[in-house]
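This briefing is for a reader who has not seen this structure before. Please look over the sequence and the model first, then read the points below.

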Amino acid sequence: MVLGIESSCDETGAGIVRDGKLLAHVVASSMDEHARFGGVVPEIASRAHLQSFTPVVRRALAEAGLRLGQIDAVAVTTGPGLSGALQVGLAGAKSLAYAAGVPLHGVHHLAGHVAADTLEHGPLPEPCVVLIVSGGHTSLLLVRDLVREPILHLGDTLDDAAGECFDKVARILGLPYPGGPAIDRAAKAGNPDAVTFPRPLTKAGDDPYAFSFSGLKTAAARWAEQHRLRGAEPSVADGAAALQEAVADVLTRKALRACRDHGVRTLIVVGGVAANSRVRALAEERCAAAGVELRVPPMTLCTDNGAMIAAVGDLLVRSGAEPAPLDVSVDPSAPLEYAALTPLPAVAAA
């Protein structure tokens, strides 16, 4: 029985996994508290984690019909993320592991997103291409054994991630935060062909796997500005639909190329933006045409949650991985190299 704790941003999550099976999944979000600021405020997020941690863990244990003493290990996100938010989750996880007398495992947040798919579709095929697309991350990975082997980065975002692009353009269009769901809702009434937005880094000679959404954001801002200079408001629905189409086109085009170039027959799409309806639909369409199996977690497992961290912890325990040392710390900007992440305090590391 592995209890997973997630607190890297504005969701406090607790999940329980046993042998790849999800037993409990509870999330408390502070998103509404951040919405009036148009983005996540780190101090507000940290305080929300402090308030939510114990109720969320208690609900997860109740959902699984367990007592803390029946937990065999605790896994917790140790990076990347907001420093204060990560510290709250780690402190709480250390307390639980100490009280239960069980090992603690530090987990990389992005590896958690990858592992989330195993809770729905079973073990990851070896190898597989993984497209991680979220508010702060857009990456193409080649994954073999998630917890035993290093994770190979095929390409990453050079500036704004896809989710950041959605958030920033949503603000320009007068849509609420978070921008991703707002763009998705508005796009349903729009025409994706009404505006011609660029497809960044898709020309011959460009890095085939790298991403860049800053220019797309700027193009959307200029399009809206040109309308307003003429005294007219831009069509929010058409702008949202065209933007969403451009993002989905770039993401899926590069992901399918990675599958083709590396002879991989399975594409896994994870992260918060994997909940976007057009990204899902276009990925399904292009994977079917290419004969590639597409795996996308349920929408409840796409956004940050403790279940995905428990899933990594479960894999680590079953692989015989060493637990984290007692003085494990956090790394807010940790690169994704391995699923296990056990950074030490700077003084100890020196």
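The model is predicted. It has 12 helices and 10 strands. The radius of gyration is 20 Å, close to the 20 Å that the globule rule gives for 350 residues, so the protein is as compact as a globular protein of that length.

**Overall build**

- Along the principal axes, the C-alpha trace spans about 65 × 45 × 45 Å.
- Of the 350 residues, 53% are buried.
- Among contacts between residues at least 6 apart in sequence, 73% join residues that are at least 24 apart.

**Nonpolar cores**

- In soluble globular proteins, nonpolar side chains tend to be buried together.
- The largest nonpolar core here holds 51 residues, and the members that touch the most others are Leu131, Leu140, Phe197, Phe213, Leu251 and Leu267.
- Strands S6 (128–133), S7 (138–143) and S9 (266–270) each give two or more residues to this core, as do helices H6 (162–172), H7 (179–187), H8 (214–229), H9 (236–261) and H10 (277–290).
- Helix H9 gives the most, with 13 residues.
- A second, separate core has 32 residues, including Ala75, Leu110, Cys128 and Ala307.
- With neighbours within four places in sequence left aside, Leu140 is in contact with residues that include Val129, Val130, Leu131, Leu152, Tyr209, Phe211, Lys254, Ala255 and Ala258.

**The five-strand sheet**

- Five strands form an open sheet in the order S8-S7-S6-S9-S10, and the pairing is mixed.
- The edge strands are S8 (152–156) and S10 (293–295), each of which pairs on one side only.
- From one strand to the next, the twist averages 20 degrees.
- Strands of a sheet pair through backbone hydrogen bonds, either parallel or antiparallel.
- S6 and S9 pair in the parallel sense over four bridges, and Val129 has Leu267 in S9 as its bridge partner.
- S9 and S10 also pair in the parallel sense, over three bridges; Thr266 has Glu293 in S10 as its bridge partner.
- Strand S9 is mostly covered, with five of its five residues buried.
- In a regular strand the side chains alternate between the two faces of the sheet.
- Both faces of S9 are covered: Thr266, Ile268 and Val270 are buried on one side, and Leu267 and Val269 are buried on the other.

**Helix H3**

- Helix H3 covers residues 83–100, and at 1.5 Å a residue its 18 residues should span 26 Å; the end C-alpha atoms are 26 Å apart, so the two values agree.
- Its buried residues are Ala85, Leu86, Val88, Gly89, Leu90, Gly92, Ala93, Leu96 and Ala97.
- These buried residues pack against strand S1 (2–6), helix H2 (42–64), strand S4 (73–79) and strand S5 (104–108).

**An exposed leucine**

- Leu50 lies in helix H2.
- Leu50 has 60% relative accessibility and therefore counts as exposed, the cut-off being over 50%.
- Leu50 and Leu146 are 96 residues apart in sequence, and their C-alpha atoms are 31 Å apart in space.

**Cis peptide bonds**

- Gly79 and Pro80 are joined by a cis peptide bond with omega of about -15 degrees, and Pro80 lies in the loop between S4 and H3.
- Glu126 and Pro127 are also joined by a cis peptide bond, with omega of about 0 degrees.
- Pro127 is in the loop between helix H5 (118–121) and S6.

- Asp19 is a residue other than glycine with a positive phi, near 50 degrees.
- Asp19 is in the loop between strand S2 (11–18) and strand S3 (21–29).
- Leu201, likewise a residue other than glycine, has a positive phi near 60 degrees.
- Leu201 is in the loop between H7 and H8.

Terms used:
Residues are numbered from 1 along each chain as its sequence is written. This is a predicted model: local features need pLDDT of at least 70, side-chain atom pairs count only at pLDDT 80 or more; totals for chains, interfaces and linings use all residues. Side-chain values use heavy atoms; hydrogens and water are left out. A nonpolar core is a set of buried Ala, Val, Leu, Ile, Met, Phe, Trp, Tyr and Cys residues joined through side-chain atoms within 4.5 Å. Buried means under 20% relative accessible area, exposed over 50%, partly exposed in between (1.4 Å probe, protein chains only). Contact means heavy atoms within 4.5 Å. Two strands pair if DSSP finds at least two bridges between them. Axes are lines fitted to C-alpha atoms, for helices over the stretch in contact, and angles run from 0 to 180 degrees between N-to-C directions. The expected span of a helix is 1.5 Å times one less than its number of residues. The radius of gyration is taken over C-alpha atoms; the globule rule is 2.2 Å times the number of residues to the power 0.38.
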